[in-house]
Amino acid sequence: MREYKPKTKNVIATTVIKTPLGDMLAASTKKGICLLSFYSEEEKQLQKDLDKLKKFFDAEIIPAHNKYFECLQKELDEYFNKKRKEFTLPLQLVGTPFQQSVWKILQKIPYGETISYKEEAQLLKNPKATRAVANANGKNPIAIIIPCHRVIASGKKLGGYSSGVDKKVTLLKLEDSYRFDIKE
């Protein structure tokens, strides 16, 4: 049997990660995780995300196994069992400079806490960018690890979540940070 040789010099490895909330697609480069997304009935966005990575890295996307995926599965299992509050995996983020600055703010929100989109914009030192911040959160390519689920709307309302508000509620309850009386 001949060894597999990719058409390009770069490869993005993908695998399915099992979680209590459903299967997630993970992707990584040699430098770290670049995608962690829930499968949904609407697979078009996931395909767009993969195409964006393929183009950005000039890479071929292949199902594969690597050290990052082993660590990712382990850390997510620990997270869902309330034995992990922070992730240690290296990430390779693909987005605009503004999106990346928003995602860095997200990574600083402590486990078990929430902030509003307005507060996130203020932390970014751009208080008028609330909508842009919410939009960047919605484009977060690495669910759970970059915890956009910890951002809520003003007035303690849940706001949206690209993977579904039900998943957001479950993640906030897991972190003991769900303090909402109003059903959204």
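Predicted model: local features only at pLDDT ≥ 70, side-chain atom pairs only at ≥ 80, totals over all residues.
A pocket here is an open set of grid points with protein on both sides within 12 Å along at least five of seven lines, and its lining residues have an atom within 4 Å of a point.

**Domains**

I looked up the domain assignment and found domain 1 (11-81) and domain 2 (97-175). I read the separation of their centres, taken over C-alpha atoms, as 20 Å. I then listed the contact of the two domains, to which domain 1 gives 12 residues and domain 2 gives 15 residues.

**Largest pocket**

I turned to the largest pocket, which holds about 530 Å³ of space. I counted 29 residues in its lining, and those nearest its centre are Ser37, Gln45, Asp49, Asn140 and Ser162. I asked which domains supply the lining. Domain 1 and domain 2 each give at least three residues to it. I also checked the helices and strands: β3 (33-38), α1 (44-57), α3 (97-107) and α5 (130-138) each provide at least two residues of this lining. By class, I recorded 14 nonpolar, 9 polar and 6 charged residues in the lining of the largest pocket.

**Second largest pocket**

I noted about 220 Å³ of space in the second largest pocket. It is lined by 13 residues, and I wrote down Lys85, Glu86, Phe87, Gln107 and Ile145 as the closest to its centre. I sorted this lining into 8 nonpolar, 1 polar and 4 charged residues.

**Helices α3 and α5**

I went back to α3 and α5, both contributors to the lining of the largest pocket. I asked at what angle α3 and α5 pack. The angle is about 80°, and the axes are 9 Å apart. Angles of 65 to 115 degrees count as roughly perpendicular, and α3 and α5 are therefore roughly perpendicular to each other. On the α3 side of the contact I listed Phe98, Gln99, Val102, Trp103 and Leu106, and on the α5 side Ala132, Val133, Ala136 and Asn137. I classed the residues of this contact as 7 nonpolar and 2 polar, with no charged ones.

Terms used
Residues numbered from 1 in each chain as written. Heavy atoms only, no water. 1 Å grid on protein atoms, 1.4 Å probe; cavity = no way out; pocket = protein on both sides within 12 Å on 5 of 7 lines; lining within 4 Å. Points joined across faces, edges and corners; volume = space filled by probe spheres on them. Helix = DSSP H or I, 4+ residues; strand = E, 2+ residues; numbered from the N terminus. Nonpolar A, V, L, I, M, F, W, Y, C, P; charged D, E, K, R; others polar. Domains from an automatic or database assignment. Axes fitted to C-alpha atoms, helices over the stretch in contact; angles between N-to-C directions. Parallel < 35°, antiparallel > 145°, perpendicular 65-115°, else oblique. Contact = heavy atoms within 4.5 Å.
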